[in-house]
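Trainee: I have a model open on my screen and would like to talk it through with you. Could you show it here so that we look at it together?

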Amino acid sequence: MSFSGKYQMETHENFESFMEAVGLPDELIQEGKDIKSISEIEETGDHFKVTVTTGTRILTNSFTIGQETELESPTGERVNSVVTREGNKLTAFLNGIEYVTELTDANTLVNTMTLPGISYKRTSKRM
């Protein structure tokens, strides 16, 4: 299955408590909690470009599977990481946070961010 496409967030769980745990300022948490973010993924072989638009904030990361690259975290930090792929699942670690993006079916994208003791899960549908 190809990740390529545009996805709109349908639901999310533990947004506020997770973002507090990673140090996102309260005003950004309040601003972002009700916004339906849009994720656009371009997949070309092992190269990916992922753009997430949340209100006026746009986060773009480009990477090649298995190669170290600089990625931007939700808090705006730039961190070196390696993205791996196993089937329909992409995984990366940034500053102690595990990021997993999974295509659970042809139209459903699930993003999970995990710190010890707390996870944030966002489910998006293909547009």
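Trainee: How many nonpolar, polar and charged residues line the largest pocket?

Mentor: Good place to begin. This is a predicted model: local features need pLDDT of at least 70, side-chain atom pairs count only at pLDDT 80 or more, and totals for chains, interfaces and linings use all residues. Residues are numbered from 1 along each chain as its sequence is written, and side-chain values use heavy atoms, leaving out hydrogens and water. With Ala, Val, Leu, Ile, Met, Phe, Trp, Tyr, Cys and Pro as nonpolar, Asp, Glu, Lys and Arg as charged, and the others, Gly among them, as polar, the lining has 23 nonpolar, 13 polar and 4 charged residues.

Trainee: Which residues are closest to the centre of the largest pocket?

Mentor: A pocket here is an open set of points on a 1 Å grid over the protein atoms alone, where a 1.4 Å probe fits, with protein on both sides within 12 Å along at least five of seven lines; lining residues have an atom within 4 Å of a point. The largest pocket holds about 840 Å³ of space, a volume being the space filled by probe spheres set on the points, which are joined across faces, edges and corners. Of its 40 lining residues, the closest to the centre are Val52, Leu59, Pro74, Met113 and Arg122.

Trainee: Which strand gives the largest share of that lining?

Mentor: Strands are DSSP runs (E, at least two residues), numbered from the N terminus. The largest share is 5 residues, and it comes from strand S4 (residues 57–64).

Trainee: How many bridges join S3 to S4?

Mentor: Two strands pair if DSSP finds at least two bridges between them. In this hairpin, 2 residues lie between the strands, and Gly55 takes a positive phi near 65°. Thr53 stands opposite Ile58 in S4. The two strands run antiparallel, and the number of bridges is 8.

Trainee: Is Ser73 buried or exposed?

Mentor: Ser73 sits in the loop between strand S5 (68–72) and strand S6 (78–82). Not counting residues up to four places away in sequence, Ser73 touches Arg57, Leu59, Leu94 and Tyr99, where contact means heavy atoms within 4.5 Å. Buried means under 20% relative accessible area, exposed over 50%, and partly exposed in between (1.4 Å probe, protein chains only). Because its relative accessible area is 4%, Ser73 is buried.

Notes: Helix = DSSP H or I, 4+ residues; strand = E, 2+ residues; numbered from the N terminus.
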